[in-house]
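Trainee: Let's go through the side-chain contacts of this model. Can we take them one at a time?

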Amino acid sequence: MMNLPNRHVDDLLDAYALGALEPYEVAEVEAHLEGCAACRRTAARARATAQRLMLATPPVAPPPALRAKVLARVHAVAAQERALTDAVAPRVTAPSALPAGGSRRRNLLRRLLDTIMGEEALNADDPVASLLIQLLAQPTCEVWNVGGTKDAPKANARLVGVPNGRDGVLVTNGLGALAPDRTYQVWLLHDGKPVPNALFSVANGGRGRQIVHAPTRFSDFEVVAVTPEPATGSPAPTGPIVLMGTLTAA
């Protein structure tokens with residue numbers, strides 16, 4: 001059986017202290033803090049640091065060049081969001097057809113696509129972006145948090161999929177670059193037994209994106225994990241777990 005590490009929320013605590021998390025992330029952090037004294041101490045230090053930062057210096061007006069750059073970025077994001085709305089709209093016949101939480105799902109879609117595409121323009125022919133749009137437009141779509149472990153503390157990921165479906169998208173950040181003869185491999189675990197899945201590499205910043213085809217429904221598995229493996233993949237994990245998350249309903 002695969003040795004699964006505990007999932008802490010260290011990577012979210014700084015943003016939590018600054019009030020920069022999404023509501024579902026706040027719920028995840030606060031639920032974990034109730035039972036973890038170590039993370040409560042870290043959260044307290046993060047809040048104290050945030051308060052000192054807010055009081056450290058008086059507000060300063062930004063230089064005109066920075067303001068122009070920020071406004072340009074805002075306009076670019078707005079244009080991308082209009083493109084995403086146009087892409088999602090044909091799949092929804094009327095506003096009443098949107099499920100509860102539909103706005104949250106569209107916001108997640110925008111964030112995920114922005115993470116994947118970076119500064120690139122949205123490519124409607126990109127199969128990963130296309131699948132994300134299809135998944136997040138579905139009422140039963142889930143976005144599972146996949147956290148970094150002690151072997152990759154700065155890494156994090158999201159797995160987007162439908163519990164009763166078999167196709168999903170794994171979006172990663174913060175993974176380290178591997179040697180040419182190594183690759184990252186996705187594993188789906190049932191009863192602690194890992195089933196090998198997709199292979200993927202990462203770009204600058206540890207960004208990766210990969211379509212995951214589950215052998216059966218995602219709801220048949222309890223855990224998703226990622227390990228570094230030989231370039232051709234492995235029938236069983238040989239490297240340390242660098243990402244791990246539970247496939248439970250939100």
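This is a predicted model: local features need pLDDT of at least 70, side-chain atom pairs count only at pLDDT 80 or more; totals for chains, interfaces and linings use all residues.

Mentor: Residues are numbered from 1 along each chain as its sequence is written, and side-chain values use heavy atoms, with hydrogens and water left out.

Trainee: How many salt bridges are there by the rule?

Mentor: The rule asks for a side-chain nitrogen of Lys or Arg within 4 Å of a carboxyl oxygen of Asp or Glu. By this rule the count is three.

Trainee: Which residue forms a salt bridge with Asp 126?

Mentor: The closest N and O atoms are 2.6 Å apart. That meets the cut-off of 4 Å. The partner is Arg 209.

Trainee: Why does that pair tie together separate parts of the sequence?

Mentor: Helices (H or I, at least four residues) and strands (E, at least two) are DSSP runs, numbered from the N terminus. Asp 126 sits in the loop between α5 (102-117) and α6 (127-136). Arg 209 belongs to strand β6 (residues 208-213), so the pair ties together parts 83 residues apart in sequence.

Trainee: Is Asp 126 buried or exposed?

Mentor: Buried means under 20% relative accessible area, exposed over 50%, and partly exposed in between (1.4 Å probe, protein chains only). Arg 209, at 33%, counts as partly exposed. Asp 126 has 8% relative accessibility, so this residue counts as buried.

Trainee: What is the N to O distance between Arg 217 and Asp 220?

Mentor: Arg 217 is partly exposed at 39%. Asp 220 is partly exposed at 27%. The closest N and O atoms of their salt bridge are 3.2 Å apart.

Trainee: How many aromatic pairs does the structure hold?

Mentor: Rings of Phe, Tyr and Trp (its six-membered ring) pair if their centres lie within 6.5 Å. The count is two.

Trainee: Is the pair of Trp 144 and Phe 218 stacked, edge-to-face or tilted?

Mentor: Planes under 30 degrees apart count as stacked, over 60 as edge-to-face and the rest as tilted. Trp 144 and Phe 218 are 5.8 Å centre to centre, with 50° between the planes. The pair is tilted.

Trainee: What is the angle between the planes of Tyr 184 and Phe 200?

Mentor: Both residues, Tyr 184 and Phe 200, are buried. Their centres are 5.6 Å apart and the pair is stacked. The angle is 25°.
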